[in-house]
Amino acid sequence: MSELLKVEGLSVTFGGLKALNNVDIQLHKNEVLGLIGPNGAGKTTLFNAISGLVPPSTGKFSLEGKNSPWPKTHQLANLGIARTLQGVGLFSGLTALENVMVGAEAHASKGFLADLFGTSGKSEAKLKARAHKALAWAGATAFADKLPSQLTYPDSKRVALARALVLEPKILLLDEPAAGLGHDEIEKLANLISQLKEFYSIIVVEHNVEFVNKISDRVYVLNFGEVISSGPFEKVRQDSAVMAAYLGTSIAADAKLGTGN
Amino acid sequence: MNTFISTLITGTANGAIFALAALGLVIVWRGAGVVNFAQMGQAMFTTYIASNLINSGESYWLAFIVALISGSLLGMIIDLLIMRPLAHKKSSSSTKTLAATIPVIASLGILAILQALAGIFWAGEERGFPTPVNSFYFKNGAGTLPFSAFNLFVIGVVLIVLLLLTYFFTQTGVGLGMRAAALNPEVARLSGIKVSRMRTLSWAISGAAGSLAGLLITPSTNLSPNTLDLILIIAFTAAVVGGLDSPLGAVIGGLILGIGIALVTTYGSPENVFLAILFLLFAVQLIKPNGILGGKQVRRG
Amino acid sequence: MKNLMVSDLVTDYGHVRALDGVSFIANAGEITTVIGANGAGKSTLLRTISGLEKAKSGTISWGDLEITNLAPEAIVRLGVAHVPEGHAVIPTFSVLENIEMGALFRRRKNSTDVKVAISEVLDLFPRLAERIKQSAGSLSGGERQMLAISRALVSRPELLLLDEPSLGLAPLVVEQIIQSINQLCRSTGLTVLLVEQNANTALAVADHGVLLALGKVVSDQPAAKMRADSALRSAYLGY
Amino acid sequence: MKIRGSQTKRWVIGIVAGAVASTLAIAPSQAIPVRSEVGVSATEIVLGMQLPQTGAASPGYKKVDDAMRAYFDYVNSKGGVNGRKIKLVVKDDVYKAGLTISTASTLINKDKVFAMVGSVGTQTHISIIKDINRRGIPDLFVNSGYSGFYIDPKKYPTSFAALGTYVVESKIEADFLKKNYAAELAAGKVGILYQTDDFGRNVVAGFKQQGVIFPAANTQKFVAGSQGLGLTAQVQALQKAGVTLVVIGAVASATAITIGTAAKLGFAPKWLVTSVGSDATTFKTILASQGQSAAAAAFLLTGVISASHAPSPGEDTDEFVVAFKKINTEFNTGAADDKVWDNNVLQGMNIGYLTTAALMGAGKDLTRKGLIAFMEGKGATLSSAALSPLSYSSKTHEAYNSFWIGAYDANSVLKPIGGTRVLNTTDSADGPITVSTYKRPAIAADALPKVG
Amino acid sequence: MDKGKKIWRKNLIKSLTLGVFLFLLSFTFEPYNQGQLALVLMLFIGVLSLTVLTGASGQISLGQGALMAVGGYASASLITNLGASIWVGFLVAVSATAIFGLILGTAAARVSGPYLAGTTLVIALALPSVANRFESVLGGDVGLIVDFGTPPAWISNLIEVGYEQWQLWVALPVALTALFFTSNLMASRAGRSWQAVRDDEIGAAVSGIPVARTKVIVFVVSSAIAGLGGALYGLRGLVGPSVYPVSLSLTLLTAAILGGVGSIAGAFIGTLIVVFLPDLIDWAISGLAISEQFSNYLPSLLTGVLLLATIIINPAGVMGAGHRRKH
């Protein structure tokens, strides 16, 4: 099985602090990868490094087997990588539909002059159609014309998801998609993600472990900026290093004792 | 007398005043997160008040004190009436991105109002402004020394103010509280410091510093509603050169500007002064965006 | 002796409901620890108690006083000190200035008293005494955490709200800090509300444990019992 | 989209409504009104004027309009001109050209003035002169010495000066230097400080025309309006260059700063100040508000050389001064400060006098064309308080071509150097300098001009 | 339901409607109000440039007047030195200012908020020095005299056109052109990506928008619009430093804020307010015994108060930002 995305030996330092240390990640086609770990483990930093928001100090980046330099953030879209943001990150002055249209622009034929002379109507219409489709996927059709400030938090997360989906990327990076959602909504999201898996390869950063368990094929556990365990969730969960990271050392020992019994 | 030395001294005396004005900008920027474009408008207003007092026969020193007090009061009023409500106002989502620019616009509105009021009260008339001490250059036998008692007075006053402010900010509890409120409002509040009161205080101190700059510069520039606009630009440039976050930087920036302008005027052409200021401003922002002594943090705004 | 009583507390963090009807009591003179996974609402709980976040509904009582939605600077004055997450010190300040900051509001009352308070916290963390003139930015992570705690302690609080002191610190340092707090609590009768993700370490010193998950209390029992509770592991690792 | 669709609809409705409303409204405005001359009725003549009444450029000048109005009020009290009262509408342009354009539009279109009189300022007047001329509106007695406005009447047929041009004055001053300070000129001991605008450059040009070229080391300048940065460096440079006579080509406030600064530096050269900068009132006001005593300010002004085309306002025996002073006391309704008798008030009175004369000369059937024709044809025959004749003709619209050189005495009165007043005459071009033989006609007993 | 296929058609209809309306309206006006309306159109273009810059991209400029001056000088020097027609002047003004905006924008992309505000303010104040520095081309303090000229024969033979009316007739197509193009941009990808960058730079970047480049483009577009407005504004009589003072920049900003930053209709309304406020005040206080000194400064006092009141009470201005989407 070939890797769609491969990150090798990634390190990121802030000042003197090592936020990520020699991290290797592989993402296969049509796979959902969970990225978990306690607070401050470096999950979001890893996402930010992949999406070019923080510069890596070392590390190799390869896409579909081809080595490439670390992408700049705005190049991600063209590489077929879409990402959602933790703080949702919608454009507050644009409607939900327009938000999604912005996401689709990487696919649109570009032309400042066409915009200037108002002849971009056709591609506008295309963008709009694509955006509507993406909104439909994310279950957000109903509020296409609403401003982000008029949306509930779960609804705005749907719009953010639609904005990522509209790119029709190869890889979808979802940053805490379940945070702030209620139980039912999390259920729906899990279903959606398993549908999306048919078309996309997905990496999810999430602290709701139950959710991660439900959706992921494999997980990576980070702590102190290092991968401390990886593999199928069930296996990882039994890993004493993971327990120690989450619960503290002695309780992990207790737990191990418990399973031993 | 040696041209270079006299240029240097003239530049230093003016630079000290620019430093004071720049310091006023820095104090409000650090304390309240606002670059106050109305600062020298406030100074213009209080200098007119002082000028009126002097013209009506009161002593210079009474006018001096009244100007400083009204400067700090004006600063406080601006904070309480305008800036605090603006800061407390929940920014609606559509204007969130303008949040950083709204105080700037507010300060411009204040400037417009102050200049209009100066027109209404004083017909915008151009006036001279006296010096408290003799401004005749010292004589040394037949020659003239390159400085006057007033030059010494200006440098002395600015030095004393700088020392007082340094003492205030580093050695007193209130000063510590103001710095804390500026650097990390949340930790400051958790330490029991009343952050909004500290902000008002920084407006007051900055207002007084600006007023003092106005009192000291107008003897050589005259007083009119617009003369001090120039000083604002110079002070802003000085603050950016030194680093908007750094009080010491403001002082150094002020001196650089003062001496630089004197040198350009003497050895270059006075027509190039503005272009030189513009050039300096661009150069600093491109090469060292946080200024000579600015912090490392990404600039706000 | 004052207890902290939280009832039916609801707080929204941005658009997200972070606390959804939280009730518990932290007994005077005890260490109560609030544990739970990421995003459970632990930090929001402390921030609501100290006034940094506004409660949507519910009450927070400190002894006989209701302190719900008072300003943080007022709450400190009532003897409730909060050490927020992430080694909250001012890096450009010296160690001494950081500590003094916490005593500013008391200074006028009695300045010798403040001096005594400062020397007391320095006794608790002798490493800070050695670095008293250094800037806080030059300290190690553990030292910064000690400094943040000292800043809170110097206000002579009766209730200390401590948010994830272990975050990003080596286990040995965590142990040391937790033990100092434990010792302080036992010797002075200080009430401590300790938020921790590192459940074991926290439960080891605490008298009582409150387990939060998705903004709700899922377990509230003596610490010793909680360590054996399966709800704990399920909250963290999804069993 | 729905929203946008409905918006388009609203636009369409707007179009229709607007079109209907407009076509309805067009009808009456298409009717051609019976034309009489704008701004003139059986009982009134409306005149417009703009000047900096406030702001940095206002010192001194802001008194001119009050003096003019006082004179017109006097004329009106005597029955006006041909039975018509003169009404002066004044607009403050704060010396900002953008505003001048707007206030001019107000005067022309809203106040419907017959003519502009006495407008102050070069930079500001430049912005409207073309428009005023195109409309054929008389633009009389402009208070600017910029020769570009007047020397080519084909370009600006309606504009006439109220002052001698800067070039004429400078040429005469240069001539004075050559005759009285030849040694200093030869030794390179004469310097200049000027502001880098049309005025300053015209001054330099006038001296140059007479062969007075200042060595680079003796030449200092500043950007007009930027005296806010102080002029210390420039004055120090002149001091260092060792000059003993300094020509100042700057406005009065900057002149005051210059001379005040020099005093502080212990630098006491002979000063030659162009008439624009030697306004004694402004000079003394600024020095006084700097804390100099009245005596000290007067002391600094004493001995300063300047030029004038008129009597000094301090000449209490001059018949025009006496008459105008009396009218000022009785009729000036300006603010207390603005009524104080000085050369600005004298200038305002004089423009009022000249305006009245021109209106009289243009006759009962007052038209713009008639007024301009009179100015070109007979304008040069008008007399005024000035000691110089007027030069108006179809070839030039310059006003005074003669200046006398004097020095301020201890009472701040400009007195002829050597005791007798000599008027020199020249033009704004390369013409020679000659001594004028003009004798000013006397003022009538009722202080009204007698024309025709 | 409009599929939005012809953006240009919709905006053309909109612009022409406004144009025809104002054109017809002008016949009912006295010359004074024709002149005022022409002034509204000139300043409207300047305010549009701020609408693009501040409204769409969140950047603030206090030097928009200086950009107008660049346009004014570019066109005026061409007209006075080479005798070009004013229409050529407009084109050159737009190009010259766009290039200037490119340079400025490249530098300004590194600074934001109060830094940009201060820097642009210095640029505005440095303008007279530049004019003096290059006196032979730019005319120094005095400036360059240009104007709208007279209508061509085929018009004046047809109908008598007053100078103010002619101003209006020239200003109208120019302002409508600016309106048309600005509306197009704001209604399509360009405008959307600007607003995206304004609202959330990171969100924009992960959506594939090159943030830095977009900011520069906004600066170029805004400058070009300002340049066009400046060239037009100069034709009132003079292109010189005192025609484009700092207060002009502040007037534009005030109009933009009053009307609602980011809204094109708001830009128009804001401009109407700042232009007609002095007349309104004149009318309101006529008959009251108010000193000239007071009435002279009343407009600027009230404008300042209005500005403060707007940002304190409703920062979104008269039209409210994003008004067209409010349901």
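Which chains have the most contacts among the 8 pairs of chains that touch? In this predicted model, the answer is chains B and E. Their interface buries about 4300 Å² and involves 45 residues from chain E and 50 residues from chain B.

**Buried area**
- Carbon and sulfur atoms account for 77% of the area buried between chain E and chain B.
- On the chain E side, 17% of the area buried against chain B comes from Pro114(E), Tyr115(E) and Val122(E), which is more than any other three residues supply.

**Polar and charged pairing**
- Polar contact between chain E and chain B is limited to a count of 1 residue pair, with both residues at pLDDT 80 or more.

**Elements on the chain E side**
- Two or more residues on the side of chain E that touches chain B come from each of α4 (86–108), α5 (113–133), α9 (189–199), α12 (246–259) and α14 (292–313) of chain E.
- Of these elements, α5(E) gives the largest share, with 15 residues.
- By residue class, the side of chain E that touches chain B holds 30 nonpolar, 11 polar and 4 charged residues.

**Pairs without contact**
- Chain C and chain D are not in contact, and their closest C-alpha atoms are 28 Å apart.
- Chain C and chain E also lack any contact, with 17 Å between their closest C-alpha atoms.

Key
Residues are numbered from 1 along each chain as its sequence is written. Chains are lettered from A and ligands numbered from 1 in the order in which they are written. This is a predicted model: local features need pLDDT of at least 70, side-chain atom pairs count only at pLDDT 80 or more; totals for chains, interfaces and linings use all residues. Side-chain values use heavy atoms; hydrogens and water are left out. Contact means heavy atoms within 4.5 Å. Buried area is the accessible area (1.4 Å probe) that two parts lose on being put together, summed over both. A polar contact is a pair of N or O atoms within 3.5 Å; within protein, one must be able to donate a hydrogen and the other to accept it, and residues adjacent in sequence count only if both atoms are side-chain atoms. Helices (H or I, at least four residues) and strands (E, at least two) are DSSP runs, numbered from the N terminus. Ala, Val, Leu, Ile, Met, Phe, Trp, Tyr, Cys and Pro count as nonpolar, Asp, Glu, Lys and Arg as charged, and the others, Gly among them, as polar.
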